[in-house]
Amino acid sequence: MLTLPNLLTLSRILAVPLLAGLLWQPDWALGYGIAFALYCLMGITDYFDGYLARAQGAVSKLGVFLDPIADKIMVASVILVLVAVQVLSGVSVVAGLVILLREIAVSGLREFLAQLQVSVPVSRLAKWKTTLQLIALGGLILGGALPGWPWMHVAALAALWAAAVLTLVTGWDYLRVGLKHMDS
């Protein structure tokens with residue numbers, strides 16, 4: 001159970017409070033710089049935990065369970081803290097809300113479908129959505145580390161809105177598949 005891939009996944013979950021704490025002071029550029037480095041490290045471990053599990057033939061039920069949870073905890077925490085400290089504010093909060101609501105809805109849908117022994121594979125578009133979402137959140141964090149680069153914040157917000165649109169599209173795709181398996 002405590003294989004290297006699973007330890008990498010657990011390390012991402014355990015790093016979330018530190019990441020949130022670093023983001024809590026939006027005027028602390030150094031803290032945001034450290035948060036950006038930690039966020040990138042968490043992203044790298046996300047890639048390597050799956051890669052190593054497959055390469056070593058060490059894919060485990062625990063890893064399959066924890067990996068998507070670790071991703072959702074990280075994304076939700078970053079969005080919530082950025083909203084709380086008003087790095088993400090105004091109408092752009094809607095983009096963050098769309099992402100959070102979709103994650104909750106799709107998780108519930110996957111749980112429901114799992115009881116029916118129906119698997120819904122992750123689509124290529126959903127992978128692009130995740131990539132864009134992670135880039136956008138990383139850009140918002142990096143923008144806090146580089147206050148002299150206001151374009152970084154603007155570009156990150158544009159990426160977040162694009163991710164929110166893809167979130168709606170992929171959420172609808174999952175819902176459409178799920179509805180086929182629901183009783184009327």
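## Ground rules

The model is predicted, so local features need pLDDT of at least 70 and side-chain atom pairs count only at pLDDT 80 or more, while totals for chains, interfaces and linings use all residues. Residues are numbered from 1 along each chain as its sequence is written, and side-chain values use heavy atoms, with hydrogens and water left out.

## The nonpolar cores

Let's start inside. A nonpolar core here is a set of buried Ala, Val, Leu, Ile, Met, Phe, Trp, Tyr and Cys residues joined through side-chain atoms within 4.5 Å. Buried means under 20% relative accessible area, exposed means over 50%, and partly exposed is in between (1.4 Å probe, protein chains only). As a general background, nonpolar side chains tend to be buried together in soluble globular proteins.

The largest nonpolar core has 36 residues, and Leu19 and Leu137 touch the most other members. Two or more residues come from each of helix 1 (4-23), helix 2 (29-55), helix 3 (61-84), helix 4 (92-115), helix 5 (124-145) and helix 6 (150-179). Helices are DSSP runs of H or I with at least four residues, strands are runs of E with at least two, and both are numbered from the N terminus. Helix 6 gives the most to this core, with seven residues.

Which residues does leucine 137 touch, leaving aside those up to four places away in sequence? They are Tyr39, Val75, Val78, Ile79, Leu82 and Leu160, where contact means heavy atoms within 4.5 Å. There is also a second, separate core of seven residues, with Val106, Leu113, Val118 and Ala126 among them.

## The cavity

A cavity is a set of points, on a 1 Å grid over the protein atoms alone, where a 1.4 Å probe fits but cannot get out; its lining residues have an atom within 4 Å of a point. Grid points are joined across faces, edges and corners, and a volume is the space filled by probe spheres set on the points. Counted this way, there is one cavity of 30 Å³ or more. The largest cavity holds about 40 Å³ of space.

Its lining is made of Asp46, Asp71, Met74, Val75, Thr130 and Leu134. Helix 3 and helix 5 are the elements that give two or more residues to this lining, and helix 3 gives the most, with three. By residue class, the lining of the largest cavity divides into three nonpolar, one polar and two charged.

Threonine 130, one of the lining residues, sits in helix 5. Threonine 130 is partly exposed, with a relative accessible area of 29%. Its C-alpha atom is separated by 7.5 Å from that of alanine 163, 33 residues apart along the chain.

## Helix 3 and the residue after it

Helix 3 has 24 residues and reaches 35 Å from its first C-alpha to its last, close to the 34 Å expected at 1.5 Å a residue. That expected span is 1.5 Å times one less than the number of residues. The buried residues of helix 3 include Gly63, Leu66, Ala70, Met74 and Val75, and the buried set packs against helix 1, helix 2, helix 4 and helix 5.

For context, most residues other than glycine have a negative phi. Glutamine 86 lies in the loop between helix 3 and helix 4 and is exposed, with a relative accessible area of 62%.

## Helix 4 and the residue after it

The 24 residues of helix 4 should span 34 Å at 1.5 Å a residue, and its end C-alpha atoms are 36 Å apart, which agrees. Its buried residues, including Ser92, Arg102 and Glu103, pack against helix 3, helix 5 and helix 6. Is serine 92 buried or exposed? At 9% relative accessibility, serine 92 counts as buried. Serine 92 touches Leu157, Leu160 and Trp161, not counting residues up to four places away in sequence.

Glutamine 117 follows helix 4 and is found in the loop between helix 4 and helix 5. Its phi is positive too, near 60°, in a residue other than glycine. Glutamine 117 counts as exposed, at 76% relative accessibility.

Conventions
1 Å grid on protein atoms, 1.4 Å probe; cavity = no way out; pocket = protein on both sides within 12 Å on 5 of 7 lines; lining within 4 Å. Nonpolar A, V, L, I, M, F, W, Y, C, P; charged D, E, K, R; others polar.
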